[in-house]
Amino acid sequence: MANGQPLLAVTGVETYYGNIRALNGVDISVDEGEIVALIGANGAGKSTLMMTVFGSPQARKGNIVFDGQDITNLPTHEIARLGIAQSPEGRRIFPRMTVMENLQMGANIVGAGDFEADADLVFSLFPRLKERIGQRGGTLSGGEQQMLAIARALMARPRLLLLDEPSMGLAPQLIQQIFAIIHDINEQGTTVLVVEQNAAQALKLADTAHVLETGEIVRSGTGAELAGDESVKAAYLGG
């Protein structure tokens, strides 16, 4: 928490798709150094909240403040320059580009000055990507593509990393590996906001967590508190 203020503060945010309201007065805050998790059913608005923070779509009501600056109406590329990066749902890597070229795209926002050092850091987290450095993204396995999506985001040297469904479609062993890497990324100083269907893993990882239902926050607490909440257990943790 810088100067007593959270790194990210989302206040009263409403987001619409046309006339359909997807977020209804959402309030969350993310302190510097935290891992914050958003859990909830499909269609609850989790990805919409993540995308709204990143400027697409923009909030129709409310405010989003990052490091003391109101970013509510900024375009995505300006938000990225302030130190927020996103690994989107569905990975969305560049399939015809090699691993190295994907990383270069991620680094565009900060320039090439420290590219080698940043790439070395990414390869220390994802040694498999170093082995695949000249391989096209589209030929990687699902787990490797997820690693590349996160690595590409990290090349922008973000203060806040937005992770949207990082474990989606992965085998259980790979899910454990991805969550261990997210923990390591946080330990190295990057604040993380993660949207995740795998509620048990997300709550185990998170300092703070929120449950989103039909566009509204209905529960908040530490990861451990929500993991022990009977209503959360019944709805999201298999009872």
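Ser87 touches Gln146, Ala149, Ile150, Ala153, Leu162, Leu163 and Asp164 once residues up to four places away in sequence are set aside, a contact being heavy atoms within 4.5 Å. Ser87 sits in strand β6, where helices (H or I, at least four residues) and strands (E, at least two) are DSSP runs numbered from the N terminus. With a relative accessibility of 1%, Ser87 counts as buried; buried means under 20% relative accessible area, exposed over 50%, and partly exposed in between (1.4 Å probe, protein chains only). Between the C-alpha atoms of Ser87 and Arg157, which are 70 residues apart along the chain, the separation is 13 Å.

The model is a predicted one, in which local features need pLDDT of at least 70 and side-chain atom pairs count only at pLDDT 80 or more, while totals for chains, interfaces and linings use all residues. Residues are numbered from 1 along each chain as its sequence is written, and side-chain values use heavy atoms, with hydrogens and water left out.

Turning to the chain as a whole, its secondary structure comprises ten helices and ten strands. The radius of gyration is 17 Å, close to the 18 Å that the globule rule gives for 239 residues, so the chain is as compact as a globular protein of that length. Here the radius is taken over C-alpha atoms, and the rule is 2.2 Å times the number of residues to the power 0.38. Along the principal axes, the C-alpha atoms fill a box of roughly 45 × 40 × 35 Å. Of the 239 residues in the chain, 50% are buried. Among contacts between residues at least 6 apart in sequence, 67% join residues at least 24 apart.

In soluble globular proteins, nonpolar side chains tend to be buried together. A nonpolar core is defined as a set of buried Ala, Val, Leu, Ile, Met, Phe, Trp, Tyr and Cys residues joined through side-chain atoms within 4.5 Å. The largest such core holds 46 residues, and the members that touch the most others are Leu103, Phe126, Leu129, Ile150 and Leu154. Beyond its neighbours within four places in sequence, Leu103 contacts Phe115, Val122, Phe123, Leu148, Ala151, Arg152 and Met155. A second, separate core has 27 residues, among them Val30, Val36, Ile79 and Ala80.

Grid points are joined across faces, edges and corners, and a volume is the space filled by probe spheres set on the points. The largest pocket has a volume of about 380 Å³. Its lining numbers 16 residues, with Phe54, Gln86, Met105, Gly106 and Arg152 nearest the centre. Two or more lining residues come from each of α2 (76–81), β6 (84–87), α3 (99–107) and α6 (142–154), and β6 gives the largest share, three residues. By class, the lining has ten nonpolar, four polar and two charged residues; Ala, Val, Leu, Ile, Met, Phe, Trp, Tyr, Cys and Pro count as nonpolar, Asp, Glu, Lys and Arg as charged, and the others, Gly among them, as polar.

Most residues other than glycine have a negative phi, and most peptide bonds are trans. The peptide bond from Ser56 to Pro57 is cis, with omega near 5°, and Pro57 lies in the loop between α1 (46–53) and β4 (61–66). Helix α1 is largely enclosed by the rest of the structure, because seven of its eight residues are buried. Just after α1, Gly55 adopts a positive phi of about 95°.

Glu165 is in the loop between β7 (160–164) and α7 (172–187), and at 3% relative accessibility it counts as buried. Thr214, in the loop between β9 (208–213) and β10 (216–222), is exposed, with a relative accessible area of 70%.

Methods
On a 1 Å grid over the protein atoms alone, a cavity is a set of points where a 1.4 Å probe fits but cannot get out, and a pocket is an open set with protein on both sides within 12 Å along at least five of seven lines; lining residues have an atom within 4 Å of a point.
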